[in-house]
Amino acid sequence: MGNLLIIAISAILINNFVLSRFLGLCPFVGVSKKTETAIGMGMAVIFVMTLASAVTWVIWTYFLSPGTSNIFWIIANKFGSQTPAASFDLHYLETIAFILVIASLVQFVELVLQKTSPSLYSALGIFLPLITTNCAILGVAELNTMSLGYNFLEALVHGFAAGVGFTLALIMMSGIRERLQFAPVPRLMKGLPIAFIVAGLMSMAFLGFSGLKF
Amino acid sequence: MKIIKDFTKGILVENPVLVLALGLCPTLAVTSSAINGLGMGCAATFVLVMSNLIVSLIKPLVPSRIRIPIFITVIATFVTITKLVMAAYTPALSEALGIFIPLIVVNCIILGRAEAFASKHSPLRSLVDGLGMGFGFTLTLVVLGAFRELIGSGTIFGQQIMGDNYKPALLMILPPGAFLSLGFMVALARMLLEKTRKEA
Amino acid sequence: MKSIIKPGITLMIYGLIAGLGLGYINSLTSPVIEAQEEVARMAAIEEVLPEAQVFDPDTVDSVQYITGYADSSEITPVGYIITAYGNGFSSTIKTVVGLNPDFTISAIEIVYQSETPGLGTKSVEITDGPEPWFEMQFDDKLYNNLAVDKDGGDIKSITGATITSRAITNSVKIAAKELKLALGENNDMVTIPGGPQCDPNNPDDPNCHPDSAEVEVQEDSLTSERGGE
């Protein structure tokens, strides 16, 4: 239990996916102009990230990675002689499999949003299908399975917390940018450059979370 | 000459990172050193060129409704090829770039160009467009990487440039340094763009 | 329904072509990758236990290890070799560890890491000396006193890469501990966690207490990878 809490706090504050791991930057810069849109986008991302973490973990563990939990190996073993555990190593299909899973999940979320909240659907506009290309989602799926080898519960918590961290950074950024529109920003810095400077300052502030203990 | 414009627009006028604001994640993540920026730029350019070419070639065979998943499949295939080949033949660079190699598949530049250009133009022009965008991307990464590496570690491409008394500003290779450097680079690019427009 | 089936099948065909193509490329590259890993592993084994010429792999209680002998006639080992795995910031770090017969560390060599370039990757950076300074810190240390400076130990962590440093240190400690338990030698005196260093060779040292079967490792992973000094 403590371990899960550590994973969660770490992903939200200390190793924030946007400000520390550099994942999820395109929507971070693109959607953060208005707070309402930011909140809507954040919720959608949390949902997709959690679900994607779960589904990709299952696909990785039971279909792609070599070993005794691989479904193909289990089937082959039932039909006769001892097949070595490493024979069904499909790990190289991971990128294709994961990204198609994510694309389908986003499509699913789009359909659901269209029916339940048409106003949010139109407010998010083009950015909703663009969640597919949000590197934070594929990134967390990769970290959970290939890089850090989490178990199912750890992967789920990590995905959820990463989404929360992304949303936190996004909402903070949108609050600042809304005010920035009325500030005397030098002409060349307006828009994208000043957004990056703000992100840099936020990232510095988040560095202060290192050494957090409880 | 349309073809030449297809190539050169990727350098400044339609620079994918500084003007179109695409491909930001790898730009900030791998530019802590110039060599990593170069490596990522080359890998992404390979994927971009190949996927632009294939998308343009198969466009009559792609039903419009499912074109995005098909483009994604094509891109993911070339990303996986890149990942496997790099792991086999350039293991040090592969370890340094880490998860950002498979993340090339969600680099918005590649899907963006496939959708906006390659699916509507000839294979030759798509190839050149890919080369131009890829070159602009790589150039941006190398310049940003060299800048951050110089101030943050005192070296460029691993060669010691600053004297022994130089105390490296660690912040430059940490995330805040990345954001700040990119912010100023975008402003600089705008300045250059305005100058070229005034002279035109 | 029909409007889903036809595009679905088209997509599956594309997927199949892609999958087959990748399977082919994988069959070409995976032998190269495996050969590389084997070369790195053999090189690391020779590095961490240089006096050993004969290697005898074994598994006890699901702990895999290699016993090193000076030559094939010897009965007493010159040391053991184990592989430690630690959860780093963005990768599982793989370290080959050479242990002397008294379970002090002969040397370690990190054979795989994909940590943050410029920060975690400093763990394998050579500045002066034959080996990376981070790895050389482990030489001749007793396995159960290992901890990073932030956890009260004397392994200096890498600036801005606390998670990486801690993952390597703790994984080496745990792996050595597992081997010791598997080999049945577990009558150590160890440092009370958080207290001053224990001298295991001194039977009257008040800082020592008998080792327990559980590995007590400071699970304080609430630290930023980028946390300054």
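Contact here means heavy atoms within 4.5 Å. In this predicted model, residues 24 or more positions apart account for 49% of the contacts in chain C that have a separation of 6 or more. Chain C contains three helices and seven strands, and from the N terminus on its elements follow the order α-β-β-β-β-β-α-α-β-β. Of the 229 residues in chain C, 48% are buried. Asp140(C) is placed in the loop between α2 (133-136) and α3 (162-182) of chain C, and with a relative accessible area of 61% the residue is exposed.

A positive phi is also found in chain A, at Phe22(A), where the value is near 60° and the residue is again other than glycine. Phe22(A) belongs to the loop between α1 (2-14) and α2 (25-30) of chain A. The relative accessible area of Phe22(A) is 6%, so this residue counts as buried, the cut-off being under 20%.

The interface of chain B and chain A was then examined. On the side of chain B, 39 residues are in contact with 39 residues of chain A, and the area buried between the two chains is about 3,300 Å², with carbon and sulfur atoms giving 81% of that area. Within chain B, the residues that lose the most area to chain A are Cys25(B), Val106(B) and Phe179(B), which together give 19% of what that side buries.

Two salt bridges are found between chain B and chain A; one of them is formed by Glu94(A) with Lys83(B), whose closest N and O atoms are 2.8 Å apart. Four residue pairs are in polar contact between the two chains, both residues of each pair being at pLDDT 80 or more. The side of chain B that touches chain A draws at least two residues from each of α2 (24-29), α4 (67-89), α6 (108-118) and α8 (175-199) of chain B. Among these elements, α8(B) gives the most to that side, with 13 residues. When the side of chain B that touches chain A is divided by class, 31 residues are nonpolar, five are polar and three are charged.

A covalent link was also assigned between these chains. The count over all chains comes to one disulfide, which is formed by Cys135(A) and Cys25(B), with their sulfur atoms 2.3 Å apart. Because Cys135(A) lies in helix α7 (residues 135-147) of chain A and Cys25(B) in helix α2 of chain B, the pair joins two chains. Both partners are buried, Cys135(A) with a relative accessible area of 6% and Cys25(B) at 2% relative accessibility. Cys42(B), by contrast, is in no disulfide, and the nearest cysteine sulfur, that of Cys25(B), is 20 Å away. Cys42(B) is partly exposed, with a relative accessible area of 45%, whereas Cys108(B) is buried, with a relative accessible area of 11%.

Notes. Residues are numbered from 1 along each chain as its sequence is written. Chains are lettered from A and ligands numbered from 1 in the order in which they are written. This is a predicted model: local features need pLDDT of at least 70, side-chain atom pairs count only at pLDDT 80 or more; totals for chains, interfaces and linings use all residues. Side-chain values use heavy atoms; hydrogens and water are left out. Buried area is the accessible area (1.4 Å probe) that two parts lose on being put together, summed over both. A salt bridge is a side-chain nitrogen of Lys or Arg within 4 Å of a carboxyl oxygen of Asp or Glu. A polar contact is a pair of N or O atoms within 3.5 Å; within protein, one must be able to donate a hydrogen and the other to accept it, and residues adjacent in sequence count only if both atoms are side-chain atoms. Helices (H or I, at least four residues) and strands (E, at least two) are DSSP runs, numbered from the N terminus. Ala, Val, Leu, Ile, Met, Phe, Trp, Tyr, Cys and Pro count as nonpolar, Asp, Glu, Lys and Arg as charged, and the others, Gly among them, as polar. Buried means under 20% relative accessible area, exposed over 50%, partly exposed in between (1.4 Å probe, protein chains only). A disulfide is a pair of cysteine sulfur atoms within 2.5 Å.
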